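Student: I have a structure open on my screen and would like to learn how to read it. Could you take me through it step by step?

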Amino acid sequence: MSWPHKDLLDVSQLSRDDVAVVMKTAASFREINARPVKKVPTLKGRSVVLFFAEPSTRTKTSFDMAGKRLSADTFALTKSGSSLVKGESLKDTVLTLLAMNPDAIVIRHGESGAAAFVAERVSCAVINAGDGRHAHPTQALLDAFTLLEKWGTLADKTVCILGDIAHSRVARSNVILLSMLGANVRLCGPRTLLPPSVDGWGVEVHSDLKKAVAGAHAVMCLRLQLERQQAGLLPDLREYAGRFCLSSATLTGADPDVKVLHPGPINRGIEISSELADAGQSLILDQVASGVAVRMALLHLFITRKDRGDKE
Amino acid sequence: MALPDLAVTNLILPETPHAVDLLCRKGHVLGVSPHAPGTAYENARVIDGRGLTLLPGLTDAHAHLREPGQEWKEDIASGLAAAAAGGFSNVMCMANTSPVNDTASITEHMTKRAAETWPGGPRLFPIGALTRGLLGKELAPMAELAQAGCVAFSNDGRPVADAELFRHAMEYAWDLGLRVIDHCEEPTMSPGAGMNEGRVSSRLGLPGQPDVAEAIQVARDVLLADYLRIPVHLAHVSCRRSVEIIERAKARGVPVTAETCPHYLHFTEAEVEGYNTLAKVSPPLRTRDDVLALIQALREGVIDILATDHAPHAAHEKETPFGEAPCGISGLETALSLSFVLTDKGMLDAADIVRLFSSNPARLFKLPHNTFTPGDPADFVLFDPRQAWKVTPESLFSKGKNTPCLGRTLTGRVMALYIGGQPVFTRGECAPAATAAASRRTHGRSS
Ligand SMILES: [Zn+2]
């Protein structure tokens, strides 16, 4: 199984075949996660630096667990927890990381393009765990994995992404990946939370939730940053919830077997009603489980590619 | 007729089909006469200018020289060396130094440093702050600044949101006979955005600044100029929307003038792809349509002048993720080459460039300049329109190597600059008798 990429910066760099490889590998690792002893020696002696310049307990824990289940040593470097990166330029942090000679760097950063900045300067694999508003490829891959587990294919499925699209790296990566896999993607949110030039994205755009979910096979809610109200993008959260909160009632026009996703953490009652988040059609916990498997697959593919002599 | 003490022979003048000789005496132009082979200019220093284009010394109405306060980016000495290498005999420097140029002592410090650094070199004309500390709260002491040598006022980099204060600034400056230069940007719209808002910014996940953020303030300034009948000069216009407002205003006789910069004529938002911080500039690079509108506006006189907005930064400051990098392009040394590229494409002609980069800005800000009329200062550029050169950090005299031209090959290069009949900068083969001192200063960057 040849793996042509040094880094994972966004899903746009992957071909359909690459995605299939990730999905297949993740499926095999998902099986390990169901065993009583959830550990294999695949990456024994390898080291993975988790560089999280922006806080994210979920993604960091998911990568940490993925690394450990493959027997890799993981080292966390967080902006708040370390004097190393306080006030230091990203370039100097990169040089420090490089001196540790890791096999992979997983990076989360508040600036769009930060993962590419690091990838250009290090020889090891760099996996983008979210950069600014730009991309969150591992989230998109785990979302697709979750849906593929249920459906087997995304062809002819309609997926609606709901909420703050403009500021969301999750939405950007998902639009690219879901479309690539054949899904019909819709976006829904108030005009203030839709990106400028969204017409150029080649997807349906709605500001009416009823229309957006009509006939949809899945609705993916995004997390709303509560400070959007102060930024003048929303009048208040009550009004937002009134127009865009996903619930059994607002979902009535969707496909009868509609699935609901959310990357977490959830603002219950704002993005999604509490009962719907816990209902049978909610895949929110499946996403968490898929996340570990997909990240195991990615660490495996990126770290062992050189052992197999995969092409640069 | 007095005899010349300097003759530069066999030159090409943009608007003249035949070769000419430029004759100077005591630092002034004596005349330009058709070149006749074999003419002997006795007792004159004679320089063979074969194949070179003769241009007047250029005026840059918008440069950031960073001294005092940010000398790691640029200082007055390195800035003037860059200006000379770019063909500029006059340089107007913006007030956003540290401390801000809002007191006479800062203005005097700047002019003194220029005179000490390079007597006879490019002339430095400071621009005073419009508001104290550039804070947009109270007027700077403009009369004091004018007295100390400021030639205009600007809050460049920190647009004034308060329309009432801006109105008073225009009025107060007008009393002093000087013009206000406005950096047009509605400051509440996407503060800190380093690129154009549109398809590219959406895809890259970078906050964008829409062109209307500029045009809204252009419209405000035009309305004020019309109402007050006081001129205002609009800095670095970057988009079609602004051009259209200025065009309508001028047609109605509103006293507004405007500039744009060579980088807005060549690069679009696409240059930011790959998070290229060298393409991060304020206002941001726009679209192809905006580029075409700007070039047409220059040709038709809707935009009056070209300026560099030379904004040097240190390499480490640009080697960051895009959002963290400062805005600015180092522009003094590529300005003329980039402008002449447009003549090759037939979009401007050499006479346009002379008008946009020399006579118009000098007249607008009442600076000494050369129109090749007898008695004019003998400030001139010898330009080789065919010489190709690669823009590398080593090829630039400015400390700021931050330009999207880096690594590209430009055609057309300044070979020499004379100010007051003296060579202040010469390059390679065409080197006339450069004075040892000037040579040392212009080539001393490696030390
Ligand atoms: Zn400016």
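Predicted model: local features only at pLDDT ≥ 70, side-chain atom pairs only at ≥ 80, totals over all residues.

Student: Let's start with chain A. Which domains does the assignment give for it?

Tutor: Chain A has domain 1, made of 11-135 + 290-308, and domain 2, covering 137-287. Notice that domain 1 is written as two stretches of the chain. The C-alpha centres of domain 1 and domain 2 of chain A lie 26 Å apart.

Student: What does UniProt list for residues 156-301 of chain A?

Tutor: An unreviewed UniProt entry lists them as "domain: Aspartate/ornithine carbamoyltransferase Asp/Orn-binding". In the model, residues 156-301 of chain A are 32% helix and 14% strand.

Student: How do I read the contact between the two domains of chain A? How many residues take part?

Tutor: Begin by counting residues on each side: 29 residues of domain 1 of chain A are in contact with 26 residues of domain 2 of chain A. Then look at the area: about 2200 Å² is buried between domain 1 and domain 2 of chain A, with carbon and sulfur atoms giving 65% of it. On the side of domain 1 of chain A, the residues that lose the most area to domain 2 are Val11(A), Met23(A) and Arg133(A), which together make up 29% of what that side buries.

Student: And how many salt bridges and polar contacts cross between these domains?

Tutor: The rule finds two salt bridges across the interface of domain 1 and domain 2 of chain A. To read a salt bridge, look for the closest N and O atoms: for Glu149(A) and Arg30(A), they are 2.9 Å apart.

Student: Which element gives the most to the side of domain 1 of chain A that touches domain 2 of chain A?

Tutor: Several elements of chain A each supply at least two residues to that side, among them helix H1 (16-32), helix H2 (57-69) and helix H10 (284-304). H1(A) gives the most, with seven residues.

Student: Which side chain meets Glu319(B) in a salt bridge?

Tutor: That is Lys91(A), with an N to O distance of 3.1 Å. The rule finds two salt bridges across the interface of chain B and chain A, along with eight residue pairs in polar contact.

Student: Where do I find cis peptide bonds in chain B?

Tutor: Look at the omega angle. A cis peptide bond joins Glu67(B) and Pro68(B), with omega about 5°. Pro68(B) sits in the loop between strand S6 (58-63) and helix H1 (76-85) of chain B. The bond from Ser98(B) to Pro99(B) is cis too, with omega near 0°, and Pro99(B) lies in the loop between strand S7 (88-93) and helix H2 (104-117) of chain B.

Student: What is phi for Tyr275(B), and is Tyr275(B) buried or exposed?

Tutor: Phi of Tyr275(B) is positive, about 55°, although Tyr275(B) is not a glycine. Tyr275(B) counts as buried because its relative accessible area is 12%, under the 20% cut-off. Lys366(B) also has a positive phi, near 55°, but Lys366(B) counts as exposed because its relative accessibility is 63%, over the 50% cut-off.

Student: Why does Thr403(B) count as buried?

Tutor: Thr403(B) counts as buried because its relative accessible area is 1%. Thr403(B) is in the loop between strand S17 (380-390) and strand S18 (409-419) of chain B. Leaving aside neighbours within four places in sequence, its contacts include Leu278(B), Ile329(B) and Val391(B).

Definitions and conventions
Residues numbered from 1 in each chain as written. Chains lettered and ligands numbered in written order. Heavy atoms only, no water. UniProt positions renumbered as here; feature names shortened; annotations may be inferred. Helix = DSSP H or I, 4+ residues; strand = E, 2+ residues; numbered from the N terminus. Buried < 20%, exposed > 50% of the residue type's maximum accessible area, 1.4 Å probe, protein only. Contact = heavy atoms within 4.5 Å. Domains from an automatic or database assignment. Buried area = accessible area lost by both parts, 1.4 Å probe. Salt bridge = Lys/Arg side-chain N within 4 Å of Asp/Glu carboxyl O. Polar contact = N/O pair within 3.5 Å; in protein donor to acceptor, adjacent residues only side chain to side chain.
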